Amino acid sequence: MKRLRIVALLQLFLVTLGLAAPAHSQDVLIRNARVHTLTAQGTLERADVLVRGGRVVEVGSGLAAAGAHVIEANGRPLTPGLFGGITGLGVVEIELESSTVDRSALVGSGASGPGFVPRPEFDVTPAFNADAAVIGVNRAEGITFAMIAPSASGTLFAGQGAVARLDGSDSPFIAASRTQFLDMGPSATDGIGFSRGAQFMLLEQATREALPGKPLQAGDVRLLTPTGREVFARYLAGGRMAFAVDRAVDIRQVLEFAARHGVKPVIVGGAQASQVASLLARSKVPVVLEPLLALPGTFDQLGASMENAAQLQRAGVPILFTHFSAGTNQAHKVRQGAGVAVAHGLPWDAALAALTSTPADVFGLGAEAGRIMPGSPADLVLWSSDPLEVTSVAEQVWIGGKAQSMRSRQTELRDRYRPTGLTSGPVAPTPRE
Amino acid sequence: MSWKQLGGATLAFFVLAAQASPEPYPSTYHAQSSAPVLIRNATVLDGTGRRLDGADVLIRDGKIVEVGTALPQGDATTIDAKGRWVTPGLIDVHSHLGVYASPGINATDDGNEATDPVTAGVWAEHSVWPQDPGFATALAGGVTTMQILPGSANLIGGRGVTLRNVPATTYQAMKFPGAPQGLKMACGENPKRVYGERKQAPSTRMGNVAGYRQAFADAEDYQHQWQKHEAEVAAYEKKKAKDRDPAEQPVPPKRDLRLETLVAAMQGEVQVQVHCYRADEMAVMLDLAQEFHFKIAAFHHGVEAYKIADRLAQEGVCGALWADWWGFKLEAYDGIWENLAYVDAPKDGCAIVHSDSDEGIQRLNQEAAKAMSRGQRADLDIPPERAIRWITSNAAKALGIAGRVGTLEPGKMADVVVWNRDPFSVYALPDLVYIDGALAFDRNHPPATPRSDFLLGQPGVAR
């Protein structure tokens, strides 16, 4: 059996390299893969990818490398590692257990109390636990990087996040990816009794406080802490701010704010984004969207449609995917969302780009990241079949050229409770009431 | 017939009526009239475990007439389904459409009567808003029947209702005629969290179990009161007319809607549906069911059902499960992709894919596909014709409507989905959906206006 041989090879590979080789990984040669390069080269059939020193050094055919570990792909697809979206990976283990949740500077009633102070300086990244079981589960599904974002519904300034590579290392964050998150719209209204107008009022006030050249006078009402002003100023100086908004009108307001202050905005949500698609395209503003959203969860999402992704892509808006509804532990569901977007008109290549090269570009990961080309970080996934198909699985994940363990808490449980008989029981006759 | 006899008959009727009315809030659903349809040359998964390639499906008078090859066309309209797949209409045993409608705002928050841990007297159908836009998106995913349940804040949350997925102004016009109601119960974290935070019982799992037991103990007492009353009525009626004193005519106990529901559960008149995640808690609920002589139709969510798959199969209890939800609370922490496949594996195993989600209900086929694929990779033999049962016939069984829907056997209600391809794929979409033989959805000829009044005339709403 071909498949068995491959599995055996992979296991051998894991034993010899994945578990034994620490910092400097050995060369890896992946042969005869269907390589989705996410570059102008497109998809290469029966291509080889050579990995050295944690990076892709060559993509071509008939490659050879003495001493490299050879993986025979047999035509299976090889993609860059996938982006898990805007998540709490590593800062949320179990959503409903507050002792395992580290996404907010304002726990409890802080967001609505009278002494509420916005904290744009809050940084979610120091709490990131690279060893969390939830990361292992998602990595085994092909997720190799994700935005680790604060979540402080109702506080407007949620704080700072950054993109982490999920390789378990102690320096997983990519400095250039740092992003300030602003939670606007109806949930903020609930949290602090704000109106949307008040959100923009506070945003302008914080901006004025933080901008150099507008020193505060004694007696001025201050919104931010001194550190908050300092940190917020950095984002105003051409930094990246992610605004959680759905309505077309709010997207327009955000774009105007961003234009006024020279901020690089990212729209998160954008249920009505396709209504302002040409504006977004002109301003080159990306949208992180939930591809499975077909219903108005709120009045802000009236007009939500499965065609959102396809319409934005056609208009030239950079799109990325995230999975809002099921939370961090199921971040991997973005892959299914991408496939569903294809069923609703998004070109297949664009859907894969939304999970790989586009997030790399939007969050400043470097021109080779999220792609398979010489110089790319060797963050790769070998798939059993079509990577966007729900019946496919990640068979091997590499990050920085290192084979990652494909075991997780879930595979441990799976194996512990494996049914003793290996074939399913006979189908019972159809039961009548 | 003397007036006294008439009185006796009337009384007997009331006794019956009080304990088991024929159908209060009756269904007004009527199948749309439809012309005969012959779907030709499809790959048919008939819901019984059979796969037929190049097969035809004949529908007439709202019923499945036959599935076979080269069926005579007669007067039927022909649908060329070459390259396409045909399945029974999908059934979701766990939906909150209408009771947690879109948009999810204060005004539509009608799913949990979270004011008391036992609200067995409430009926989810009385919360259903037929204008929920989610019904239409579920239909576009091939769902033709679904059970709407109360939420899981309460130990005993109330009665569920099974609906046909047809546009209607009233829920009664969607109500599946003759389908038994469900009874929603909930284990574990939700009830103890909701009430514990209010410093009220239950605040622990032992408090949960004491809560169910007391409720059923009260129901037993209530049942005895009615049995006693029935005996008194019988004795009264045995008397000769001249010996009857109208003043001694037995007076029925006051109806208690809460206990009436629990008695109905003990008498097997409603299908008991239990929200329960952990294997050990499911075992406790099975013991509870034994203590109070009721039958559990299905455990819902059952993230750990795989740990007791053999016992569930032996006891004839279905597992209504997700493919990959896990970890959002501790009782969901042990989720595995193979849960459905493991629950399906034993002889008589009854695995069901449920949604509990207005998003998930749009793609039950994909949930089944994920679970099927992971099961296959765990070396279980699960072809599509087997897995389709998880979203059709097994679901019908848990709802007590397996004799009428869930398969394409002759005589069944003609709920049929024509898929553009193998439905076990992320790219699959229903092309056509028939409900009782009437075309309810046509992907290539979408309605010019939204089905929901709520969406009508809203800016940005194209459908």
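B:Cys318 counts as buried because its relative accessibility is 1%, and B:Cys350 is buried as well, with a relative accessible area of 3%. Buried means under 20% relative accessible area, exposed over 50% and partly exposed in between, with a 1.4 Å probe and protein chains only. This is a predicted model, in which local features need pLDDT of at least 70 and side-chain atom pairs count only at pLDDT 80 or more, while totals for chains, interfaces and linings use all residues. Residues are numbered from 1 along each chain as its sequence is written, and side-chain values use heavy atoms, with hydrogens and water left out.

The structure holds 2 disulfides over all chains, a disulfide being a pair of cysteine sulfur atoms within 2.5 Å.

| Disulfide | S to S | Angle about the S-S bond | Hand |
|---|---|---|---|
| B:Cys187 and B:Cys276 | 2.2 Å | -95 degrees | left-handed |
| B:Cys318 and B:Cys350 | 2.2 Å | 80 degrees | right-handed |

B:Cys318 lies in strand S12 (residues 318–321) of chain B, and B:Cys350 lies 32 residues apart from it in the loop between helix H8 (339–344) and S13 of chain B. Helices (H or I, at least four residues) and strands (E, at least two) are DSSP runs, numbered from the N terminus. B:Cys187 and B:Cys276 are both buried.

In chain B, 8 strands form an open sheet with mixed pairing, in the order S6-S7-S8-S9-S10-S11-S12-S13. Its edge strands are S6 (90–95) and S13 (351–353) of chain B, each pairing on one side only. Two strands pair if DSSP finds at least two bridges between them. Strands S8 (residues 156–164) and S9 (residues 182–186) of chain B run antiparallel and are joined by 4 bridges.

Key. Chains lettered and ligands numbered in written order.
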